[in-house]
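Please look at the sequence and the model before reading on.

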Amino acid sequence: MAFDTISVIGLGYIGLPTAAMFAAHGKKVIGVDVNQHAVDTINRGEIHIVEPDLDALVAQGVAKGRLRAVAVPEPADAFLIAVPTPFENDSSLSVPKPDLKYIQAACSSIAPVLKKGDLVILESTSPVGATEKVVEWLAAAREDLSFPVEGAMNADIFVAHCPERVLPGHVVRELIENDRVIGGITSACSKKAVELYKVFVQGDCVVTNARTAEMAKLTENASRDVSIAFANELSIICDETDIDVWELIALANRHPRVNILQPGPGVGGHCIAVDPWFIVSRSPESARLIKTAREVNDSKPLWVIEKVKLAVADFLTANPKKSISNMRIACYGLAFKPDIDDLRESPALNIARELTSLYGTSLVSVEPNIEANMQVNGVNLSKFDGAYNSSDIHVLLVDHKEFKAKSKPVGLVVDTKGIWK
Ligand code: SAJ
């Protein structure tokens, strides 16, 4: 059978669901991760991240003996690389630059077990040219094998880029239903990659070259970032002009060709707040709108912090006997978006952290997706009801379902998501 054994390198928010999905479709799957805690958790049939329906999928795959996790790659017929692509840790750079070290490390780890006929897929969101780098790194490590070259025929190994495009919170459904963009180094690579994804993908598998596939993914997220920046800019303009931005957007969206997104505390996650920089770092002179959108979204948390400072000043003016040490401020939500526990690049977390440093123990934070009564990145976590019933200032940062179910609390409210009107 083609692709008898599939290996997924990186068992995070994308790799683990992908691995479990192949296992659910009858494949033998070897997941690889450098994090021993993740490996052990998965091998117990449990998961180390929060994603609806993923727990059952992993439990089933492990129980049936189709899914197992290891720390060091073993031979397989297809290798999917789903590792992070962070920025280079260099504060002197004016435009953040992608760091491919995890992709390179993944290549080094699979190179020794590659054999003729294997398929290697880069799923990680990557700057243009990264898939060609994968070929370079693998070829340097395995001189005994031939690797694909654009326009040439026949090689021992097939390499393609197939960017993940699933929405955290809906990963299991979107893995199956979404269309996939498949960019092989050669058309033979693309063909082989389509064959692999068709194991479970019901959407179309659309073939292009590797560079276009890389840029397609970056473009999708940059497009969303620009749209959210427009909404965030509107929210600031509306605040200055005493207009309810949510009402305004709802009205404007009644136009058949207008579809404005929602403002918020800023843009988070490891995707939309990151990927547009991959375009800007490559084309700094030309990517003007994309860069400005990033700056608009990145500056929104500072604006929210200023709003909270103004609310504190208003409260103290209205209550002259109080001081910061005997008032209470609550932040609601730390995750980067509703109904998940993911704190990556979260503007809400950054706001709560900054407010904690300003107001100390007068400030509590609530995150229903993380156990209360603990500290997360320097932020004190409290239970929702206590904070809701006893705070003087309420700062709504994430529209989690628990918060949406409540009406506007008593006290001053800074609502970045427009749910407590
Ligand atoms: N956000 C707003 N207003 C909105 C929509 C989102 O402020 O109207 C904020 C969210 O609160 C969050 C951030 O944007 O902080 C990103 O959230 P998201 O739901 O837009 O996207 P992600 O980061 O969870 O997932 C995106 C998706 N890309 C697109 O929708 C184009 C997903 O399909 C990708 O697979 C994912 O990035 C990725 O991995 O690249």
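The sections below cover the basis of the report, the ligand and a pair of helices.

## Basis

The model is predicted: local features need pLDDT of at least 70 and side-chain atom pairs count only at pLDDT 80 or more, while totals for chains, interfaces and linings use all residues. Residues are numbered from 1 along each chain as its sequence is written, and side-chain values use heavy atoms, with hydrogens and water left out.

## Surroundings of the ligand

Around the ligand there are 19 residues, of which Glu164, Arg165, Lys217, Arg224 and Phe336 come nearest (a residue is near if one of its heavy atoms lies within 4 Å). The shell divides into nine nonpolar, three polar and seven charged residues (Ala, Val, Leu, Ile, Met, Phe, Trp, Tyr, Cys and Pro count as nonpolar, Asp, Glu, Lys and Arg as charged, and the others, Gly among them, as polar). Helix 8 (residues 210-241) gives the most to this shell, with five residues (helices are DSSP runs of H or I, at least four residues, numbered from the N terminus).

## Contacts with ligand oxygen

A side-chain N or O atom of Arg224 is 2.5 Å from an oxygen atom of the ligand. For Asn221, a polar side-chain atom lies 2.7 Å from a ligand oxygen atom. Gly268 places a backbone N or O atom 2.9 Å from an oxygen atom of the ligand.

## Two helices

The axes of helix 11 (residues 288-318) and helix 12 (residues 347-359) come within 10 Å and cross at roughly 40° (axes are lines fitted to C-alpha atoms, for helices over the stretch in contact, and angles run from 0 to 180 degrees between N-to-C directions). Helix 11 and helix 12 are therefore oblique to each other (angles under 35 degrees count as roughly parallel, over 145 as roughly antiparallel, 65 to 115 as roughly perpendicular and the rest as oblique).

Notes:
A polar contact is a pair of N or O atoms within 3.5 Å; within protein, one must be able to donate a hydrogen and the other to accept it, and residues adjacent in sequence count only if both atoms are side-chain atoms.
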